[in-house]
Amino acid sequence: MDADDMKRHICDSYEGVTAVDGGGDVFLVYDPLGDLPADRWLPFATIVTGDHYDTASALDRPGAWRLNIGLTRARYLSLFPTPPAAVDHTRADTLLPHPVYAPQHWVCVVDPGPATRELVSELLADAYDFAVRKHANHRRRRPAD
C-alpha cells in the first residue's frame, strides 16, 4: 500500500472524513457536514510524504512516506507506557512514537506494511472514534445559531 492507497482507504472506510491536501501531504479531518472552519481542522491522522516538517524519518527517500495517528492518552500509554530510550524513526513497518508529537499522543509508521496492518487498522478506528466524540462534544457546547 502506498500513500495514495492509504488516503483512499481512510476516506472510503470512515464516514464524514475530509482529506485536506497540502504540499504532497494529507491531513484527514472528521467534518461530516463539511462546515468546520479551518481553525477547527484538527486531523486525526496525517500522511506525510517528505521532510517538510521534520527529518527524523528521512522521507525524502524514493517511495518513503509516514502515516501519523493521533490517539487518546490512554491508548497511547497502552502502547508506550514509558518513552523508548532510542528510536530509529527511519525503520519501516514499525509502530513508533511520533518524532515530534509523541507528547500529544501521536504515533507513526513509516511505510506501513504486513507487520503493522492489523494494528494500524485498530489505531485508525480508535483515532476516528476519538475525532467523532470530540466533534460531537464541540457541537453540543456550541451556542445555537
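**Sheet, helices and rings**

Colleague: Let's begin with the strands. In S2, what is the bridge partner of Val-20?

Modeller: The bridge partner of Val-20 in S2 is Phe-27. Strands here are DSSP runs of E with at least two residues, helices are runs of H or I with at least four, and both are numbered from the N terminus.

Colleague: Before I go on, what am I looking at?

Modeller: It's a predicted model, with local features needing pLDDT of at least 70 and side-chain atom pairs counting only at pLDDT 80 or more, while totals for chains, interfaces and linings use all residues. Residues are numbered from 1 along each chain as its sequence is written, and side-chain values use heavy atoms, with hydrogens and water left out.

Colleague: Okay. How many bridges do S1 and S2 pair over?

Modeller: Six, in the antiparallel sense. Two strands pair if DSSP finds at least two bridges between them. S1 and S2 form a hairpin with two residues between them, and Gly-23 in the turn has a positive phi of about 60 degrees.

Colleague: And S2 with S3?

Modeller: Those two are also antiparallel, over three bridges. Val-26 has Ile-47 as its bridge partner in S3.

Colleague: What is the order of the strands in the open sheet?

Modeller: S1-S2-S3-S4-S6-S5, six strands with antiparallel pairing. S1 (17-22) and S5 are the edge strands with a single partner each, so one side of each has no neighbour in the sheet.

Colleague: Which helix packs on the sheet and touches S1, S2, S3 and S4?

Modeller: That's H1, residues 3-13. Its direction makes about 155 degrees with that of S1. Touching, or contact, means heavy atoms within 4.5 Å. For the angles, axes are lines fitted to C-alpha atoms, for helices over the stretch in contact, and the values run from 0 to 180 degrees between N-to-C directions. Then there's H3 (residues 117-141), packing on the sheet and touching S1, S2, S3, S4 and S6, at about 45 degrees to the direction of S4.

Colleague: Which residues of H3 are buried?

Modeller: Val-120, Leu-123, Leu-124, Ala-127, Tyr-128, Ala-131 and His-135. Buried means under 20% relative accessible area, exposed means over 50%, and partly exposed is in between, using a 1.4 Å probe and protein chains only. On spacing, an α-helix has 3.6 residues a turn, so residues three or four places apart point the same way.

Colleague: How many of the six residues of S2 are buried?

Modeller: Five, so to speak a mostly covered strand.

Colleague: Switching to rings. How do you call a pair?

Modeller: Rings of Phe, Tyr and Trp (its six-membered ring) pair if their centres lie within 6.5 Å; planes under 30 degrees apart are stacked, over 60 edge-to-face, and the rest tilted. By this rule there are five aromatic pairs. One of them is Tyr-30 with Tyr-128, edge-to-face at 5.6 Å centre to centre and 90 degrees between the planes. That pair links distant parts of the chain, with Tyr-30 in S2 and Tyr-128 in H3, 98 residues apart.

Colleague: Why does Tyr-30 count as buried?

Modeller: Because its relative accessibility is 15%. Tyr-128 is buried too, at 12%. Phe-44 and Tyr-128 have ring centres 5.9 Å apart and planes at 75 degrees, so that pair is edge-to-face. Phe-44 is in the loop between S2 and S3, 84 residues from Tyr-128 in H3.

Colleague: Which residues form the aromatic cluster?

Modeller: Tyr-14, Tyr-30, Phe-44 and Tyr-128, as one cluster.

Colleague: Last topic, His-98. Buried or exposed?

Modeller: His-98 is buried, with a relative accessible area of 6%. Its place is in the loop between S5 (96-97) and S6 (106-110). Leaving out residues up to four places away in sequence, His-98 touches Asp-54, Arg-66, Asn-68, His-89, Trp-106, Val-107 and Cys-108.
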